[in-house]
Number of protein chains: 4
Amino acid sequence: MVIVTKTTIERQKLDTMVQDFRNLGLEVDIIEGTGSIVLGLIGDTHQLDADRLLLDPDIERIMRVQEPFKKASRKFHPEATVIDVNGVSIGDGKSFVVMAGPCSVETEEQILTVAKSVKSNGASILRGGAYKPRTSPYSFQGLELEGLELLKKARKETGLPIVTEIMCPSLVEVFNENVDIIQVGARNMQNFDLLKELGKIEKPILLKRGLSATIEEWLMSAEYIMAGGNHNVILCERGIRTFETYTRNTLDLSAIPAVKKLSHLPVVVDPSHSAGMSWMVEPLSLAAMAVGADGIIVEVHNDPKNALCDGAQSLDLDQYGALMDKLGNMSVHFGKKCYKI
Amino acid sequence: MVIVTKTTIERQKLDTMVQDFRNLGLEVDIIEGTGSIVLGLIGDTHQLDADRLLLDPDIERIMRVQEPFKKASRKFHPEATVIDVNGVSIGDGKSFVVMAGPCSVETEEQILTVAKSVKSNGASILRGGAYKPRTSPYSFQGLELEGLELLKKARKETGLPIVTEIMCPSLVEVFNENVDIIQVGARNMQNFDLLKELGKIEKPILLKRGLSATIEEWLMSAEYIMAGGNHNVILCERGIRTFETYTRNTLDLSAIPAVKKLSHLPVVVDPSHSAGMSWMVEPLSLAAMAVGADGIIVEVHNDPKNALCDGAQSLDLDQYGALMDKLGNMSVHFGKKCYKI
Amino acid sequence: MVIVTKTTIERQKLDTMVQDFRNLGLEVDIIEGTGSIVLGLIGDTHQLDADRLLLDPDIERIMRVQEPFKKASRKFHPEATVIDVNGVSIGDGKSFVVMAGPCSVETEEQILTVAKSVKSNGASILRGGAYKPRTSPYSFQGLELEGLELLKKARKETGLPIVTEIMCPSLVEVFNENVDIIQVGARNMQNFDLLKELGKIEKPILLKRGLSATIEEWLMSAEYIMAGGNHNVILCERGIRTFETYTRNTLDLSAIPAVKKLSHLPVVVDPSHSAGMSWMVEPLSLAAMAVGADGIIVEVHNDPKNALCDGAQSLDLDQYGALMDKLGNMSVHFGKKCYKI
Amino acid sequence: MVIVTKTTIERQKLDTMVQDFRNLGLEVDIIEGTGSIVLGLIGDTHQLDADRLLLDPDIERIMRVQEPFKKASRKFHPEATVIDVNGVSIGDGKSFVVMAGPCSVETEEQILTVAKSVKSNGASILRGGAYKPRTSPYSFQGLELEGLELLKKARKETGLPIVTEIMCPSLVEVFNENVDIIQVGARNMQNFDLLKELGKIEKPILLKRGLSATIEEWLMSAEYIMAGGNHNVILCERGIRTFETYTRNTLDLSAIPAVKKLSHLPVVVDPSHSAGMSWMVEPLSLAAMAVGADGIIVEVHNDPKNALCDGAQSLDLDQYGALMDKLGNMSVHFGKKCYKI
């Protein structure tokens, strides 16, 4: 950590400050400039709270030299983390994994129809919501436990592992027993009680980026899960909130190379929620592959116009088929395994 | 609801669409323009999902005529809601309520010292965190149940009602029994499972605005609590996330008159978390009173430099006293009861 | 235009309002609902100012049915605009055009070295700044006229058309005579005096999106140029300002399909300024091609570490060569002409 | 400046780097830590480009120790700048200056009516647009030179100094001769050619903050004008662009104490453009006074419903009178001169 103080600081105060740091086991170097004095602190500075230090009117600026996340950092774990979900490999650099399915599980017929169709068109994992976070208390809130049972039926029929969203710490046990990947939605990215519970199991977690989370905060939320002992975290970029209103959110594709540089965790893209419009899913999915994502999670419905939620952004089965044709062809160029190759 | 379709829509399709709406009990008027056809739908259109309707390529635009919240809306509840907390009246238009105390409860001595001091300087309610949402898993997470006990001791000694933050639905019962106002933090504003549980009790809820929540979404979260039966919601503006980095967040004081117009609920301002700097608390508190807020919630610590969290934004006891002098004087001008009058 | 009024509006006032609209030549239909009255206005409603109408306390909401831009709209001009720059075709759907060169023109040697190198590696157009918009008055401001002369030399030696930024209306004549595409930078996207002058010439204009411009505002700025008579506008997405600080700006790749749907104008991507880091240029360029852009404009320098501006985001000649190899290979997959094919 | 390098940097390279800095006249101190090496650079580091240095893969982080603005900085100019405009004192800490008038000058009758009315109700300066920046090329663009003449007539009749917006460097001479304060609008805050021209005169400049400008960028634009020799800059906060759509922009009142701390320049608030709704002007104006602004600039029209621009946010003459009553009363509390006292 580097601390910049005013030159007007009293000599005795400076000495005390330096001694305090040394008492914490830190090595301190002092550089005296004409306009300021710079202290270089060497050692484990995680014990220091920069915000609190800044309270001192003699301290002008503080710069952390190290990132605040450790387990999620590529610096301490250079090789990429590869997560195996019932034989589906995520983050291996050789595959582009497609997770597909409806926003909500609605009926047995619906989820089975969609599951079979997406499987025959190259999806590796089935998505579907049983518990739904809805902005309005008057909207459909999901089939809950019944939805989980229907997802399990679809898994049994197709062999596809299932991913579905959790919203509450008290359901971690049920989810751990029943699903293959547990999704944490954007609104719960900083639901720390939930993250702590998920750190206690070993199930892969799909951690969506919060609507206004910085990349660092997103990785800190991954760190929460990993600090608890669960290292199976898959990141998911799903658009951030900006001033632009044409799209529901602004998909931040630059975050993919950023995360790949900062962290060893796999990262996928959600092209459905980011734009909020089904006709944008295809170009954004192609761009996600081009920019280096490990896969996508995409909404597909057999009858989008009558979907109980998010119909406007869902592909129908044919549109999904067309998307997979394009992704499949493009994956050849990138040498990544994705549908048909 | 108003629906705009293309003029190229097939006549038969339009007839079917109109008939479908009528079958839902809606009255439909049709205006045929040169560039588009406008359908005016009268009746309970909450059953319609605008996003889903937009899937139809013949539909160009949709405008909701009514707000999506009802119980929180001033339209259906013109008189202001006044919430009584053990004799402290919030939202009555005649008082400016000050909630003050440390970010975290740390020790018995600390909370008692602060509580007595803020009481003697005009605070009506004691704040203090027992469960702390921290970005880093390695930061101090609060004293939890022990913190609640210390808050109760401070209440007993000073008579001040207490407000503290809840993060998890499983703690609703404990909080309901022990505290006077339950705070929902910015990060949990859309923790819908938590909101639903809070809707089942009658305890006043202090609902902070999410970092990237629109005013409408904030009111929809209030609606969640109210839809469950708990109408005692106090809104709290605490800054939104923008591109500006000088302040930690951007305090949106325009939101106060906006909320006052849209809703009948009381609204207070948090000048500590928004700016993140103690020296900005005073001007922002004065502005909060001037703009029409019902009060503030402010961080005060007996020893900010050694606070276990958020020291940089905490006032010390003297600074708090000076703030209350200014607020007290200004409240005379506004004819609002606040300290010493 | 659709206008929603309260049902409490006085009958006589409503009649007058309707009559006023009819006097403007508009047809007015009235739908009376239980909670509101809806007026459907048919005809040329561009003469009405929605904001002003909203001043009337009896008017609750207004919805424009048509977009505010006409000449830039695909609705009135369904086929794509293709712009020919000395034989280089931009927006034809069959080519991916690469504009490359240094941030600033610095010396004859520098610009000639870069120009020859990028030409031999597939660039179609040479970029380079002569007049530089710099945040600090103390930074290098460009070689100005001398820079234009050096660009012309480079054009003569390589045959590459040149694109460079204009900042002031008084220079339009000089730029019109000397350069092949005139660039309007993000900070000048709403410099309306400049846009008006550029509307009077026929030279192609590269119009960058403003840092906080919505897609609609961007197209309205194109409309300014086109309304003056110059239809040769090339749009350029270069990142928008958001809360994220890891990247300098957030590249909004969703804007490419959005613009393609709303407008007939060509659109290119600037992967250098958006991220502000040279190592991100390659993945973002590939994503730009995948998402459907008509090309990129990219910063290349023979000696980035000693560049007079923006060195951090400039590719060196080898990195540029490597980028072009990847783009060239990928263009085969997309059936677009780009380097070597 | 503080530079952090990796410990894996080759010793010889480090030596060369350090020597290069010393050759520039800088003093360099080296702190070798376990995870990184820190270089402290003392001297005039404005000659170094941090972005360019970061190109070096061995350099990890850079921290500027000093602000990039000098003439605008309070550090080098502790006492507040007070600007005298024909006897009206702005920034003296004892007055709250009100600039009022219509968005656009429309007719002689209109501007005279408004000018007389606002003068009799405590305005010190008359505002009014002659050249109007409009998003649409089809909207009213202002009366231009004729508008300036009408403003001068209003000045002659009332004695109020006039402030009006400039959009183009070629008009600086005309404005310098005819108006008392030259306004630079938000869209031109980084129109550097315009700023440079304004630096050459001595006329007071009202510099609005750009829609997405950070406080630092805003002060850097002031620095542009001051670097040219014109130190008479008045800053104006007018709302920034955020995700919130209820208000047109988000008024950033925290920016007032921030600017007061960082700079010695006066700062006023525009409560009309920020919210975009006339009913919000009053609470925001009161808040502006409470937060410490030196004044406001507010839109007033004799007939807002028929205003040629921005009617929705204009106060009518009575509303303006009511506002001034409240501001006048409140100013007594703050000990600031404003209307009637």
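How many salt bridges does the rule find across the interface of chain B and chain A? Two, and here are my notes on those and the rest.

1. Ground rules. This is a predicted model, so local features need pLDDT of at least 70 and side-chain atom pairs count only at pLDDT 80 or more, while totals for chains, interfaces and linings use all residues. Residues are numbered from 1 along each chain as its sequence is written, chains are lettered from A and ligands numbered from 1 in the order in which they are written, and side-chain values use heavy atoms, with hydrogens and water left out.

2. B against A, the overall contact. Chain B puts 43 residues into this contact and chain A puts in 42 (contact means heavy atoms within 4.5 Å). Between them the two chains bury about 3,800 Å², with 53% of it on carbon and sulfur atoms; buried area here is the accessible area (1.4 Å probe) that two parts lose on being put together, summed over both. On the chain B side, B:Arg52, B:Leu55 and B:Tyr138 lose the most area to chain A, together 16% of what that side buries.

3. B against A, the polar side. One salt bridge to look at is B:Glu217 with A:Arg241, where the closest N and O atoms are 2.6 Å apart. The term covers a side-chain nitrogen of Lys or Arg within 4 Å of a carboxyl oxygen of Asp or Glu. There are also 17 residue pairs in polar contact between chain B and chain A, both residues at pLDDT 80 or more. A polar contact is a pair of N or O atoms within 3.5 Å; within protein, one must be able to donate a hydrogen and the other to accept it, and residues adjacent in sequence count only if both atoms are side-chain atoms. Elements giving two or more residues to chain B's side are α2 (50-53), α6 (192-198) and α7 (215-227) of chain B, and the largest share, five residues, comes from α7(B). Helices (H or I, at least four residues) and strands (E, at least two) are DSSP runs, numbered from the N terminus.

4. C against A. Here 35 residues of chain C meet 35 residues of chain A. The pair buries about 2,800 Å², 75% of it on carbon and sulfur atoms. Two salt bridges are counted between chain C and chain A; one of them joins A:Glu244 and C:Arg209 at 2.7 Å, N to O. Four residue pairs are in polar contact, both at pLDDT 80 or more. On chain C's side, α8 (255-262), α10 (281-291) and α11 (317-334) each give two or more residues, and α10(C) gives the most, with six.

5. Aromatic pairs. Over all chains there are eight (rings of Phe, Tyr and Trp, its six-membered ring, with centres within 6.5 Å; planes under 30 degrees apart are stacked, over 60 edge-to-face and the rest tilted). A:Phe192 and A:Tyr224 are stacked, 4.6 Å centre to centre with 20 degrees between the planes. A:Phe192 sits in helix α6 and A:Tyr224 in helix α7 of chain A, so the pair ties together parts 32 residues apart in sequence. Both A:Phe192 and A:Tyr224 are buried (under 20% relative accessible area, with exposed over 50% and partly exposed in between; 1.4 Å probe, protein chains only).

6. Lysines over tryptophans. The charged end of B:Lys261 sits over the ring of D:Trp279, 4.2 Å from its centre. D:Lys261 likewise lies over the face of B:Trp279, at 4.2 Å from the ring centre. The rule wants NZ of Lys or CZ of Arg within 6 Å of the ring centre and within 35 degrees of the ring normal.
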